[in-house]
Amino acid sequence: MPMSRAALINAAQDCDVLAATLGDQLDAEFFEAAGSRLKLVANFGAGVDHIDVAAANARGVTVTNTPSVLAEDAADMAMALILAVPRRLVEGVRALENGDFEGWSPTWMLGRRVRGKKLGIIGLGRVGEAIARRAQAFGLAVHYHNRKPINPHVEEGLAATYWDSLDQMLAHVDIVSVNCPHTPATFHLLSRRRLELLQPHAYVVNVSRGEIVDEAALADLVETGRIAGAGLDVYERGAPNEKLLNAPNVVLLPHMASATVESRIEMGERVIINIKMFADGHKPPDRVILGLDADIEPKTA
């Protein structure tokens with residue numbers, strides 16, 4: 001369980017380094033209350049949207065994270081959802097558990113073929129690129145939207161098509177994978193208006209941050225059949241919308257995309273390296289520098 005805010009502030013006032021996790025909300029008020037002793041926040045995770053990095057820097061506090069460590073595991077989970085939702089895997093498991101399976105039928109539990117479909121990746125950074133490699137192996141055509149195109153050689157290797165307009169890409173693809181960071185510019189990037197641009201047979205997959213998708217709108221569109229389904233590992237308010245919980249064509253996971261033994265060990269090792277480098281008077285290798293997020297912040301226009 002996360003420490004209470006009061007306990008966290010008390011700890012920060014009495015230490016030079018704080019090893020934070022996603023459950024620790026470190027805003028401007030926290031850094032003001034922490035005092036002058038705190039000098040480093042070594043985050044156990046890649047995302048830092050729970051940390052006010054600008055406020056930390058203004059108080060002379062360095063923030064580090066654990067980039068790259070989670071990319072392959074997150075991509076595995078995204079690919080699992082990309083397969084599970086159209087092929088109705090969870091529905092099939094529930095049918096067996098509930099005793100609804102009475103034998104094979106040519107028209108029972110029909111899903112959608114994945115091969116040949118168009119996958120639209122929002123944010124072709126580390127995770128997005130790892131998903132694109134997996135998607136190629138399953139015969140998906142890769143499309144993506146970033147602020148700008150990626151390296152031409154990488155783009156060619158992925159056989160990826162760049163879309164400057166997110167709206168146009170959404171209207172064109174069959175599956176959408178959300179893989180950009182949560183920032184003020186990407187809050188509800190997939191708004192109701194944008195979700196309504198999707199074709200009725202399209203699916204939405206999100207292993208990034210819940211706040212990027214207007215979850216209430218997504219729930220409404222799934223419930224009414226305006227969108228074919230969704231696979232989510234993250235949620236806008238911590239717990240999923242009740243409509244999504246009750247939807248048969250939605251696969252929901254408890255924020256477990258990076259939950260492998262290997263990734264947790266590597267994350268811990270990166271935290272220790274950052275702390276040791278800092279303690280030795282050197283710049284930590286994984287400093288979070290504002291405006292230089294490697295995972296690409298898509299355009300909102």
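**Sheet pairing and salt bridges**

Me: How many bridges join strand β8 to β9?
Reply: This is a predicted model. Strand β8 covers residues 203-206 and runs parallel to β9. The number of bridges joining the two is 4.

Me: Which residue in β9 stands opposite Tyr 203?
Reply: Strand β9 spans residues 229-232. Gly 229 and Gly 231 point one way from it, Ala 230 and Leu 232 the other, and all are buried. The residue opposite Tyr 203 is Gly 229.

Me: What is the bridge partner of Leu 232 in β10?
Reply: β9 and β10 run parallel, joined by 3 bridges. Within β10, the partner of Leu 232 is Leu 252.

Me: Which strands stand at the edges of the sheet?
Reply: The open sheet has 7 parallel strands, ordered β6-β5-β4-β7-β8-β9-β10. An edge strand here has a single partner, so one of its sides lacks a neighbour in the sheet. The two edge strands are β6 (161-162) and β10 (250-252).

Me: Which residue in β5 does Ile 122 stand opposite?
Reply: β4 (residues 118-122) pairs with β5 (residues 141-145) in the parallel sense, over 5 bridges. Ile 122 faces His 145.

Me: How far apart are the closest N and O atoms of Glu 32 and Arg 59?
Reply: Glu 32 is exposed at 52% relative accessible area, while Arg 59 is partly exposed at 34%. The two form a salt bridge, and their closest N and O atoms are separated by 3.4 Å.

Me: How many residues apart in sequence are Glu 72 and Arg 133?
Reply: Their side chains meet in a salt bridge at 2.6 Å, N to O. Glu 72 sits in helix α4 and Arg 133 in helix α6, so the pair ties together parts whose separation in sequence is 61 residues.

Me: Is Arg 194 buried or exposed?
Reply: Arg 194 forms a salt bridge with Asp 167 at 2.7 Å, N to O. The pair links helix α9 to helix α8, 27 residues apart. Relative accessibility is 5% for Arg 194, and the cut-off is under 20%. Therefore Arg 194 counts as buried.

Me: Which residues do salt bridges with shared partners join into one network?
Reply: The structure holds 17 salt bridges. Asp 167 is partly exposed at 22% relative accessibility. The residues joined into one network are Glu 72, Asp 76, Arg 133 and Arg 134.

Note on methods:
Residues are numbered from 1 along each chain as its sequence is written. This is a predicted model: local features need pLDDT of at least 70, side-chain atom pairs count only at pLDDT 80 or more; totals for chains, interfaces and linings use all residues. Side-chain values use heavy atoms; hydrogens and water are left out. Two strands pair if DSSP finds at least two bridges between them. Buried means under 20% relative accessible area, exposed over 50%, partly exposed in between (1.4 Å probe, protein chains only). A salt bridge is a side-chain nitrogen of Lys or Arg within 4 Å of a carboxyl oxygen of Asp or Glu.
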